[in-house]
Amino acid sequence: MATKLVLKFFRPPVLTQLASLSRGKAAAAAGIRYFSSDPPQENISRYPVPYKKDLPFDIVALMEEVESKGGFLPNVFKVLSHRPAEFRAFFAYYNELMNKETGRLTKADRELIVVATSTHNKCLYCVIAHGALHRIYSKKPTLSDQVVVNYKNAELSPRERAMLDFAMAVCRSDTITEQHLESLEKVGFDREDAWDIAAITAFFAMSNRLAHLTDMRPNVEFYNMGRVPRDKSKDKGKEKGE
């Protein structure tokens with residue numbers, strides 16, 4: 001279960017990007033207990049982060065798989081491990097919303113919804129982390145940054161604009177009408193897609209507020225992910241054992 005969840009959470013393109021990043025120099029922070037054996041780069045939560053030995057086996061297995069495949073462990077795993085039962089529920093629902101193969105939303109679409117609504121909710125962690133994932137899935141290194149500044153002026157397709165207009169209506173708790181749903185249908189979405197857009201928006205509204213409570217900080221690795229095209233010649237050299 002843990003391995004399956006991890007592999008879905010970080011698909012191969014993301015894993016490759018993560019693994020290629022330098023871990024950098026970490027500075028110790030007193031009073032905070034971290035999962036990783038490396039000293040932390042900064043305080044990532046105002047709540048204690050449990051030691052690895054104090055966590056349930058399934059959560060440890062998930063964390064170790066993510067860190068092994070990606071090259072670092074996203075701080076959301078560390079912070080939410082403070083409450084293991086809620087950690088499991090959070091990532092189970094995350095997996096259902098963000099990694100499902102049904103519907104008309106692409107991986108990039110889902111990440112863009114998170115970026116736009118998390119910007120409205122002023123969530124630094126989700127804007128930075130999911131902006132990075134959008135850059136990787138979309139192969140567009142600047143679009144998520146445009147959305148962060150003002151999605152209405154971003155270089156969006158009509159389909160993306162209708163999707164974000166609807167997500168933002170849900171995010172603001174506007175009264176949802178038939179006109180909202182019809183605007184989605186005009187660009188190719190159906191009502192099940194509308195549910196998905198709304199559910200992603202609602203789930204991350206909760207996530208954003210947990211990030212506010214805990215003062216969750218993004219890993220520095222996220223900031224540069226997907227901004228510069230990967231050097232594929234290096235990958236070929238690795239495959240040949242060079």
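K139 is placed in the loop that runs between helix 7 (124–138) and helix 8 (143–150). In this predicted model, the phi angle of K139 is near 60 degrees, a positive value in a residue other than glycine. K139 counts as exposed because its relative accessibility is 64%, the cut-off for exposure being over 50%.

A further positive phi value occurs at S173, where the angle is near 65 degrees, again in a residue other than glycine. S173 belongs to the loop between helix 9 (158–171) and helix 10 (178–185). With a relative accessibility of 63%, S173 is therefore classed as exposed.

The structure holds 12 aromatic pairs. One of them is formed by Y94 and F203, whose rings are arranged edge-to-face, with 6.4 Å from centre to centre and 65 degrees between the planes. This pair links distant parts of the chain, since Y94 lies in helix 5 (residues 84–98) and F203 in helix 11 (residues 191–214), the two residues being 109 residues apart. Y94 and F203 are both buried, whereas K139 is exposed and S173 is likewise exposed.

Note on methods
Residues numbered from 1 in each chain as written. Predicted model: local features only at pLDDT ≥ 70, side-chain atom pairs only at ≥ 80, totals over all residues. Heavy atoms only, no water. Phe/Tyr/Trp six-rings, centres within 6.5 Å; stacked < 30°, edge-to-face > 60°. Helix = DSSP H or I, 4+ residues; strand = E, 2+ residues; numbered from the N terminus. Buried < 20%, exposed > 50% of the residue type's maximum accessible area, 1.4 Å probe, protein only.
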